[in-house]
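Here is a short report for a reader who is new to this structure. Look at the sequence and the model first, then read on.

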Amino acid sequence: MLYYAVVFFVIAIIAAILGFGGLAAGAAGIAKVLFVVFLILAVVSFLRRA
């Protein structure tokens with residue numbers, strides 16, 4: 001999950017450098033959502049082990 005968030009973040013950076021604002025915003029939004037999902041799953045996983 002974290003891997004995909006990083007991939008979309010890199011896509012957003014490359015798209016922003018090349019001037020594709022809409023694509024960069026979309027990729028950044030997807031990266032944010034995936035990162036939040038990763039954090040939630042990580043916290044749940046840590047709490048289940050404790």
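This is a predicted model: local features need pLDDT of at least 70, side-chain atom pairs count only at pLDDT 80 or more; totals for chains, interfaces and linings use all residues.

Residues are numbered from 1 along each chain as its sequence is written, and side-chain values use heavy atoms, with hydrogens and water left out.

**The whole chain**

The chain holds 2 helices and 0 strands. Both terms refer to DSSP runs, numbered from the N terminus: helices are H or I with at least four residues, strands are E with at least two. The radius of gyration is 14 Å, well over the 10 Å that the globule rule gives for 50 residues, so the chain is more spread out than a compact globule. That radius is taken over C-alpha atoms, and the rule is 2.2 Å times the number of residues to the power 0.38. Along the principal axes, the C-alpha atoms fill a box of roughly 45 × 15 × 10 Å.

How much of the chain is buried? Of the 50 residues, 16% count as buried. Buried means under 20% relative accessible area, exposed means over 50%, and partly exposed lies in between (1.4 Å probe, protein chains only). The chain exposes about 3900 Å². Carbon and sulfur atoms supply 80% of that area. The areas come from the Shrake-Rupley method with a 1.4 Å probe; for residues, only the protein chains shown count as cover.

**The two helices**

Helix α1 covers 2-18, and helix α2 covers residues 21-49. F20 is found in the loop between α1 and α2.

Two packed helices are described by the angle between their axes and the distance between the axes. Here α1 and α2 pack at an angle of about 160°, with their axes 8 Å apart. Axes are lines fitted to C-alpha atoms, for helices over the stretch in contact, and angles run from 0 to 180 degrees between N-to-C directions. The two helices are therefore roughly antiparallel to each other, a label for angles over 145 degrees. α1 passes α2 in a left-handed crossing, where the near helix is turned anticlockwise from the far one by less than a right angle.

**Aromatic pairs**

A search of the whole structure finds 2 aromatic pairs. Y3 and Y4 form an edge-to-face pair, 5.6 Å centre to centre, with 70° between the planes. Y3 and Y4 are both exposed. F35 and F38 form a tilted pair, 6.3 Å centre to centre, with 35° between the planes. Rings of Phe, Tyr and Trp (its six-membered ring) pair if their centres lie within 6.5 Å; planes under 30 degrees apart count as stacked, over 60 as edge-to-face and the rest as tilted.

F35 and F38 both lie in helix α2, 3 residues apart, about one turn of the helix. F35 is partly exposed, at 38% relative accessible area. F38 is also partly exposed, at 27%.

**Single residues**

F20 is partly exposed, at 49% relative accessibility. G22 lies in helix α2 and is exposed, at 62%. G29 has its place in helix α2 too, and is partly exposed at 29%. R49, also in α2, counts as exposed at 71%.

The table sets out C-alpha separations for these residues.

| Residues | Apart in sequence | C-alpha to C-alpha |
|---|---|---|
| F20 and A5 | 15 residues | 19 Å |
| G22 and F38 | 16 residues | 24 Å |
| G29 and A12 | 17 residues | 9.0 Å |
| R49 and F9 | 40 residues | 30 Å |

Notes. Angles under 35 degrees count as roughly parallel, over 145 as roughly antiparallel, 65 to 115 as roughly perpendicular and the rest as oblique.
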